[in-house]
Amino acid sequence: MSKSFFLFLAALIVTCSPQEKPETEQTLASAYQDYFYIGAALNTSQYNGTDQRGIPIVKKHFNSITPENDLKWDRIHPQPNRFNFEEADQFVEFGEKNDMFIVGHVLVWHSQTPDWVFEDENGEELSREALLERMENHITTIVTRYKGRVNGWDVVNEALNDDGSLRESKWYQIIGADFIAKAFEFAQAADPDAELYYNDYSLFLPEKADGAVRLVKEIQEQGIKVTGIGIQGHYMIGGPSGEEVETSIKKFKELGVVAITELDVDVLPAAFQFMGADISMRADLRDELNPYTEGMPDSIKQAQIDRYTEYFEVFMRHRDAINRVTTWGVTDGDSWKNGWPVSGRTNYALLFDRQGNEKEVAKVLMELPSKK
Ligand code: XIL
């Protein structure tokens with residue numbers, strides 16, 4: 001064998017040998033960079049620097065962030081004349097430092113909002129005018145502080161019942177149906193360039209989706225900006241199907257941008273026959289509701305991979321309208337699904353395991369775009 005032929009063979013072996021293949025540095029964000037942002041909901045420990053396991057995952061895999069709790073009324077505006085910006089400031093700084101699309105969650109909601117918001121100093125219910133003024137002050141103060149820095153706001157969260165009618169929240173009872181339009185008007189005035197969303201759960205239900213379309217259309221027709229609809233996406237391996245989700249996305253595309261804002265796929269037995277994401281619904285812990293404390297069986301792992309894949313195939317088909325897909329948390333250990341609707345369960349709803357490793361489902365999702 002001539003020396004050059006031998007060298008050629010050796011080079012061929014080295015080139016083709018699998019061990020020599022460079023480690024792929026693929027990440028969720030890079031896999032979808034031509035289509036939409038990949039976001040995560042973060043907790044205080046991830047932007048104040050204490051979560052040494054979670055932070056590298058966030059920096060590597062995500063290019064959009066939402067605060068899981070720190071911008072909610074009870075955290076950022078706990079008393080009538082006291083705003084607490086410390087954590088929210090850290091959150092926004094973290095997003096800016098890492099060049100991320102920053103989402104503000106949430107300005108007006110019926111949950112995680114203190115009772116005093118709806119009452120005067122004597123504990124009497126506020127008038128419509130007084131509550132509108134309080135709402136305007138809250139929205140203007142926060143949106144102005146982060147003007148040009150927070151890129152998109154969930155302006156109103158969960159104003160609809162599952163049948164598409166308006167929820168009888170305090171906001172609705174005191175102000176009336178136009179509290180939603182007013183909230184968007186105040187947010188738009190404070191930062192005309194920010195994206196402004198209506199956000200809700202169970203929007204795959206046709207009646208609820210139609211209610212959201214009616215609601216948003218009506219506001220847009222008044223010349224008030226609503227960028228689009230945020231689909232929370234708190235799903236389960238049992239459903240909804242990709243097709244059900246897709247049907248609602250098709251309806252929402254007509255109105256503007258669609259964002260998937262709080263995606264997770266619960267793998268545990270359902271505590272209720274029908275479950276959305278109403279945080280006031282709770283069930284007691286029973287053994288049969290918590291079957292995988294020692295790990296996820298293979299069949300359940302596969303069922304979760306199949307569901308996530310089905311959803312991402314739908315998101316890719318509608319990538320012209322979808323600008324962001326955000327998971328509600330980083331690792332399985334952080335997920336709110338360990339505590340809701342039953343506290344103390346071991347759930348596996350997200351894309352990274354409790355040790356911070358990429359789950360098989362994350363790998364499958366990273367490969368999905370290149371298979372198209
Ligand atoms: C949840 C948080 O994840 C929990 O930490 C908190 O205790 C309750 O709220 N829909 C929403 C989110 O819009 O704000 C909720 O977040 C989950 C349901």
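Tutor: Before we start, a contact means heavy atoms within 4.5 Å. The model is predicted, so local features need pLDDT of at least 70 and side-chain atom pairs count only at pLDDT 80 or more, while totals for chains, interfaces and linings use all residues. Residues are numbered from 1 along each chain as its sequence is written, and side-chain values use heavy atoms, without hydrogens and water.

Student: What does Asn290 touch, neighbours up to four places away aside?

Tutor: Asn290 touches Leu285, Gly344, Arg345 and Thr346. A polar atom of the Asn290 side chain also lies 2.9 Å from the backbone nitrogen of Thr346. That is a polar contact, a pair of N or O atoms within 3.5 Å; within protein, one must be able to donate a hydrogen and the other to accept it, and residues adjacent in sequence count only if both atoms are side-chain atoms.

Student: Where is Asn290 in the chain, and is Asn290 buried or exposed?

Tutor: Asn290 sits in the loop between strand 8 (257-266) and helix 12 (298-317). Helices (H or I, at least four residues) and strands (E, at least two) are DSSP runs, numbered from the N terminus. With a relative accessible area of 15%, Asn290 is buried; buried means under 20% relative accessible area, exposed over 50% and partly exposed in between, with a 1.4 Å probe and protein chains only.

Student: Leu285 makes me curious about Val342. Which residues is Val342 in contact with, beyond four places in sequence?

Tutor: Val342 is in contact with Ala271, Arg282, Ala283, Asp284, Leu285 and Leu289. In sequence, Val342 and Ala271 are 71 residues apart, yet their C-alpha atoms are 7.4 Å apart in space. Val342 is buried because its relative accessibility is 0%, and its loop runs between strand 9 (322-327) and helix 13 (360-371).

Student: What kind of peptide bond joins Trp340 and Pro341?

Tutor: The bond between Trp340 and Pro341 is cis, with omega about 0°. Pro341 belongs to the loop between strand 9 and helix 13, where Val342 is also placed. Another cis bond leads from Gly239 to Pro240, with omega near 10°. Pro240 lies in the loop between strand 7 (234-236) and helix 11 (242-253).

Student: Changing topic: what is phi for Glu158 and for Ser202?

Tutor: Glu158, although not a glycine, has a positive phi of about 60°. Ser202 has a positive phi near 55° and is likewise not a glycine. Most residues other than glycine have a negative phi, and most peptide bonds are trans.

Student: Where do Glu158 and Ser202 lie?

Tutor: Glu158 is in the loop between strand 4 (152-157) and helix 8 (170-175), and is buried at a relative accessible area of 3%. Ser202 lies in the loop between strand 5 (195-200) and helix 10 (206-221); at 7% relative accessibility, Ser202 counts as buried.

Student: How many helices and strands does the chain have?

Tutor: The chain has 13 helices and 9 strands. Its C-alpha trace spans about 95 × 45 × 40 Å along the principal axes. Of its 372 residues, 55% count as buried. Among contacts with a separation of 6 or more, 79% come from residues 24 or more positions apart.

Student: And what about the ligand: which polar side-chain atoms lie by its oxygen atoms?

Tutor: A polar side-chain atom of Glu68 lies 2.5 Å from a ligand oxygen. For Lys72, the corresponding distance is 2.7 Å. An N or O atom in the side chain of Asn69 is 2.9 Å from an oxygen atom of the ligand.
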